[in-house]
Structure formats: C-alpha cells, structure tokens
Amino acid sequence: MESDGLQNVDMVRIPAVPVFNWSVGNFMERFFDGLKGGKFMGVKCPDCGRVYLPPRMICERCFAKNDEWVELPPEGTVESFTLAQVKVGEDGELADLEAPVLIGMVKHEGADTCLVARIEGPDPEEASVGMRVTAVLDKSAESILDILSHYVPR
Ligand SMILES: [Zn+2]
C-alpha cells in the first residue's frame, strides 16, 4: 500500500515560543508611560473625587467614568504589608527565597488606592502600617512591571 508517510503518526511535537505583544489598555498605558518618565499618574472620579493609583477607568464607588488625570508624588504610606518567604520559580513551583522579602501596599499621598511593591531597608520587625515610604523607580527595567522597583522608608 502506498503511504503518504503520515498514517502512523500518533503525535507530533512542534516547538513554539510565542512572543506576546498586547496592549495594557489606554489607562494602564498612560500609567506606565508616566512611570517611565518618573511620574505617578492617577485618575480622579468626577463625581465622588476618589483618586485611583493605579488608574481605573470606572469609579468602583459610583460607576462614573474617570477622565481627570492627576500626578501624584512618589511619597506614600504603608497601608498593609506581608513578609514573603517563597516565590514562584521558573518551573511554576514554589521556591524558597534566599531571604524573606517585605511586600507592601502603599497609598501615595493624594490617592485613595494602593500600589504593591517590595519595601527595602527596614528589618521586618521594624516594618509597620503607617510607615512613610518613597518609591524608587528603575527606568532601565526591561519590563514595565519592574519600573516601580521598590519603596524605601523616609
Ligand atoms: Zn466616584
């Protein structure tokens, strides 16, 4: 019988390395463009005045469309924090960190919502809610997600 060479194939492995290039949307794009320029850009609700950093298109309190951009300072206050002991490794499994890492939710002055990033400097026992911190940006970061590098106490 003549064969096309494929009739006995059960499985074919095709290596694929997809490269994704997707939009983060108008609002987050403006936020990340601001960070690249060293600015923290949030939005203010026209109805209730709530200020969102990171920006949100719709106010979660009154559902108004947020269209007023405001620049906020790099200084803020720790609203909550945790001490991370593990990370997600490259294989997707949890792996121990070499040293625990402080991760904080920081409300920038003038904002009503928080950004999340590492806090460097204080010993974990010295970290506290209400601690005043300043953002440190890494404008040479390869990923936009790494531009906000960490916070330090002030
Ligand atoms: Zn509102």
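**View 1. Four donor atoms sit around the zinc ion in a tetrahedral arrangement, because the angles they subtend run from 97 to 125°.** Four donors count as tetrahedral if all angles lie between 85 and 135 degrees. On the protein side, the donors are the SG atoms of Cys45, Cys48, Cys59 and Cys62, at 2.2 to 2.3 Å from the zinc ion. A donor here is an N, O or S atom within 2.8 Å of the metal (3.2 Å for Na, K and Ca), and water is not among the atoms, so sites may look incomplete. This is a predicted model, where local features need pLDDT of at least 70 and side-chain atom pairs pLDDT 80 or more, while totals for chains, interfaces and linings use all residues. Residues are numbered from 1 along each chain as its sequence is written, and side-chain values use heavy atoms, leaving out hydrogens and water.

**View 2. Along the chain, the zinc donors follow the pattern C-x2-C-x10-C-x2-C.** Cys45 is in the loop between β1 (40-44) and β2 (51-52), and Cys62 in the loop between β2 and β3 (68-72), so this pair ties together parts 17 residues apart in sequence. Strands are DSSP runs of E, at least two residues long, and helices are runs of H or I, at least four, numbered from the N terminus. Cys45 is buried at 3% relative accessibility, while Cys62 is partly exposed at 30%. Buried means under 20% relative accessible area, exposed over 50%, and partly exposed in between (1.4 Å probe, protein chains only).

**View 3. Three strands make an open antiparallel sheet in the order β2-β1-β3.** β2 and β3 are the edges, each with a single partner strand, so one side of each has no neighbour in the sheet. Two bridges join β1 to β2; strands pair if DSSP finds at least two bridges between them.

Note on methods: Four donors count as tetrahedral if all angles lie between 85 and 135 degrees; four count as square planar and six as octahedral if opposite donors are over 155 degrees apart and all others between 65 and 115; anything else is irregular.
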